[in-house]
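Q: I have a model open and would like to learn how to read its features one at a time. Could you walk me through it?

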Amino acid sequence: QVQLVESGGGLVQAGASLRLSCAASGGIVNKYVMGWFRQAPGKEREFVAAISWSGSSRDYVDSVKDRFAISRDNAKNTLYLQMNSLKPEDTAVYYCAARRIPIMSRTTSGYDYWGQGTQVTVSA
């Protein structure tokens with residue numbers, strides 16, 4: 001019964017920043033690995049970033065390394081993705097996901113709960 005709701009997407013110009021949020025409810029998500037995935041038209045959903053339950057471990061796909069930062073505030077049951085220096089190729093629907101198994105994962109099948117997605121569009 002875990003529910004994840006993303007917010008913070010929008011239309012921005014290349015080089016701009018956005019911070020996505022994912023509000024979680026309905027489960028003990030504080031102990032879950034959390035991740036961000038994205039899906040552009042005509043492409044498969046791809047891994048973007050993940051964070052361990054404590055926030056001590058973070059993982060990023062190479063294309064966003066040093067530009068994006070994943071974080072979580074367990075007291076607020078909220079996951080974040082700070083996106084800086086956005087590029088047109090970052091345009092996609094961004095999904096928040098939660099994984100019950102306490103091991104970091106980059107695969108969509110490794111996550112048990114998903115949000116509805118939030119659109120991020122970066123113009124050239």
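A: Gladly. Let's start with strand S9 (residues 92-99): 7 of its 8 residues are buried, so this strand is largely enclosed by the rest of the structure. Buried means under 20% relative accessible area, with exposed being over 50% and partly exposed in between (1.4 Å probe, protein chains only). Strands are DSSP runs of E of at least two residues, numbered from the N terminus. This is a predicted model, in which local features need pLDDT of at least 70 and side-chain atom pairs count only at pLDDT 80 or more, while totals for chains, interfaces and linings use all residues. Residues are numbered from 1 along each chain as its sequence is written, and side-chain values use heavy atoms, leaving out hydrogens and water.

Q: Which strands pair with S9, and over how many bridges?

A: The general idea is that two strands pair if DSSP finds at least two bridges between them. Here, strand S4 (residues 33-39) runs antiparallel to S9 and is joined to it by 7 bridges; in that pairing, Arg-38 stands opposite Tyr-94. Strand S11 (residues 118-123) is also antiparallel to S9, over 3 bridges, with Val-93 opposite Gln-119. Strand S10 (residues 113-114) pairs with S9 in the antiparallel sense too, over 2 bridges, and there Ala-98 has Tyr-113 as its bridge partner.

Q: How many disulfides does a search of the whole structure find?

A: A disulfide is a pair of cysteine sulfur atoms within 2.5 Å. The search of the whole structure finds 1: Cys-22 is joined to Cys-96, with an S to S distance of 2.0 Å. This pair links distant parts of the chain, since Cys-22 lies in strand S3 (residues 18-25) and Cys-96 in S9, 74 residues apart.

Q: Is that disulfide left-handed or right-handed, and is Cys-22 buried or exposed?

A: For handedness, look at the torsion about the S-S bond: for Cys-22 and Cys-96 it is about -70°, so the disulfide is left-handed. As for burial, Cys-22 is buried, with a relative accessible area of 0%, and Cys-96 is buried, also at 0%.

Q: Which residues touch the most other members of the largest nonpolar core?

A: In soluble globular proteins, nonpolar side chains tend to be buried together. A nonpolar core is a set of buried Ala, Val, Leu, Ile, Met, Phe, Trp, Tyr and Cys residues joined through side-chain atoms within 4.5 Å. The largest one here has 37 residues, and Leu-4, Met-34, Trp-36, Leu-81, Met-83 and Tyr-94 touch the most other members. At least two residues of this core come from each of S3, S4, strand S5 (46-51), strand S7 (68-73), strand S8 (78-83), S9 and S11.

Q: What does Met-83 touch?

A: Contact means heavy atoms within 4.5 Å. Leaving aside residues up to four places away in sequence, Met-83 touches several residues, among them Leu-18, Leu-20, Phe-68, Tyr-94 and Val-120.

Q: What is the strand order in the open sheet of 4 strands?

A: The order is S1-S3-S8-S7, with antiparallel pairing. Strand S1 (3-7) and S7 are the edge strands, each pairing on one side only. S1 and S3 share 5 bridges; Glu-6 stands opposite Cys-22, and Gln-3 opposite Ser-25. S3 and S8 share 6 bridges, and Ala-23 has Thr-78 as its bridge partner.
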